[in-house]
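This report describes how two protein chains meet. Please examine the sequence and the structure before reading on.

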Amino acid sequence: MSSESGVAAPSVNLSAIIEGLKAIVDAGGEFTEDDGTPPTLTESLSQAVQRGFAERCLSANLFVCPRCAASDLRVVERCSGCRSIDIEAEALLHHCACAEVFRARSIDRLLVKRCPKCHCALEECSTEFEDAGFVYRCNECNRTEAEPAVSFSCARCRDESPGSLVSKRRFYRYRLSAAGKEQLHAGR
Amino acid sequence: MGWIVTAFKVFIRVDPVLAAFFLFIFDLPRDFLSFFAVAIERFLHRYWRRPPAEAGSYAIVIPAHNGGGGLLATIKGLRTQTIAPQQIIVVSDGSTDETAAIITHAREQGLIDIAIINDRRMGVAASCNKALLFVTADCVLFLDADAELESDACGYLLAALRSEKDGAVSGNIAIRNAKASLWTAIQQIEYMIAIDFGRSFLDKFNAIACCSGAMTMFRTSALRAIGGFDAGSGQDLEVTLRLRRAGYRARFASRAWCYTDGPETFLKLVRQRLRWDRDAIRIHVFQHKQFRRSSEQESLGNTIQRYDFINFTFIPTILFPLFPISLITLPAGAMVDFLLGGYLILVGMTFLNLAVVFSAHRRSLSPYLLLLLPIFPLYQGTIMKAVRLWAYISETVWHASRNDGFVPARIRSILYRD
């Protein structure tokens, strides 16, 4: 486990550090932070690391809700035009012989059997066709997009936020350092 | 002017038939008449019209394969257009440089509307066709990644697509790095002649054969109706001819200016022209069979367009090797007089041509360009004609365009397998 340990901070709240060390001991020697961890405890643990009493390593790097900080987010794809969620990804094919790029299949069905431009059959000339990515078609307004508008729905507070507002948060796993264990044995 | 008359007398006296042959090969009849016609038209309409404020919606598509640093400047420049585009779509076609990162960033910044990133290179034609799937505007402008537009360019292009029958319109092109070398300066003159004046003249007869790939706006419905671009190099010429055959007009907007870089060295210039001329003969002659009528009801414009290529490009080029051979028939000692007189005539005629072009050209020009006058006939009439002849031979005999790296090797292997 690669770990980080900080240098002693100039001003340290000792009671906060003890609170952080206790949390580690109570968790059986290793405390894993999550989105339910109170901010005050996160701060205490951080100070313990800075003081050299604890070590930490990254356990998760997750998107969190900008409203309630929960990390239980679901990705929602919407049409950029009408905001409908009724959008379908369709696979594009490129017919190398005539440069046509067309919607060939949706998730559950083949849309065409021939190249719409030169009418070459997909089965007969299969070596001439290659994948060319996806388009997203809205079943409400029929708009075609290269990429849908992505937003994040929070399972805890039900709020939906656009991707631009959602940021990542780093969660750590903490354990006592040798200095921290010594401090605890000494009863200080 | 006296020396031109003297040279002409010497030139004609040696062999009048050969003299006429000489003038035909060196393009003079075509240029001389058309330049005067365009200049007169411009003087009669010297008060320029401004582009209309509302002229329909348009999208801009920029296909880029390793577009590099110039791409961001091109994208930012689009925001200055007097008529704003409805959509800006940029395609990174299998780029291995920072192009994909640039357009992703531009998308996040709201500078462009759609970023398409092809992990694997598909070629310009397929990239443009892919972008066409997302176009919702009435018209779509395809632009080179390094092209820089004047702020009213799109307005003039839109204004030229007035009728439903106007399928495409290309803009005027100037060499941005004209002062970089002798070769870029000479290309500037060449572009003034061939594009600014040549296409202005052909536009009057609906006889434009090629809307430049650097900057052409299409009516979206027309481009979709003909199936978009075809695979292979020279797709700008090919799609214009196909549009014309489908009954659409190809237009030219002389006031819509676009700046692009020309090759700076002679070797690069020759490579570029070999590619263009190989594509030209392959598409004009072998693919579109321009030596015969496209249909019983061929339009006058299509007929003029075909004969413009046959009479003023194809025939002078294939007759070019006959010229040195025919010099052998001259009386002994007359060859030097004939060549000297002939070249002086060419310089004199070029002077008259360029005087017309310079006076009716709508942009400021460097006087430095005038210094190129004595060598321009040599460049245009001899060097470039020899390059074109070699391109024709290499394409006809060896299908040299099949090795053109402009199209990905994977696509070429499918296109040209026998």
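How much area is buried between chain B and chain A?

## Basis of the report

This is a predicted model, in which local features need pLDDT of at least 70 and side-chain atom pairs count only at pLDDT 80 or more, while totals for chains, interfaces and linings use all residues. Residues are numbered from 1 along each chain as its sequence is written, chains are lettered from A and ligands numbered from 1 in the order in which they are written, and side-chain values use heavy atoms, with hydrogens and water left out.

## Extent of the interface

The buried area is about 1500 Å², and carbon and sulfur atoms give 59% of this area. Buried area is the accessible area (1.4 Å probe) that two parts lose on being put together, summed over both. Of the area that chain B buries against chain A, 32% comes from Leu133(B), Phe134(B) and Ile414(B), more than from any other three residues.

In terms of contact (heavy atoms within 4.5 Å), 22 residues of chain B meet 18 residues of chain A.

## Charged pairs and elements

Four salt bridges are found across the interface of chain B and chain A; each is a side-chain nitrogen of Lys or Arg within 4 Å of a carboxyl oxygen of Asp or Glu. A salt bridge joins Glu130(A) to Arg410(B), with the closest N and O atoms 2.7 Å apart.

On the side of chain B that touches chain A, β3 (114-118), α6 (124-132) and α16 (409-415) of chain B are the elements that give two or more residues. Helices (H or I, at least four residues) and strands (E, at least two) are DSSP runs, numbered from the N terminus.

## Confidence in chain A

Chain A has a mean pLDDT of 87, with 93% of its residues at 70 or more; pLDDT is the predictor's confidence in each residue, from 0 to 100.
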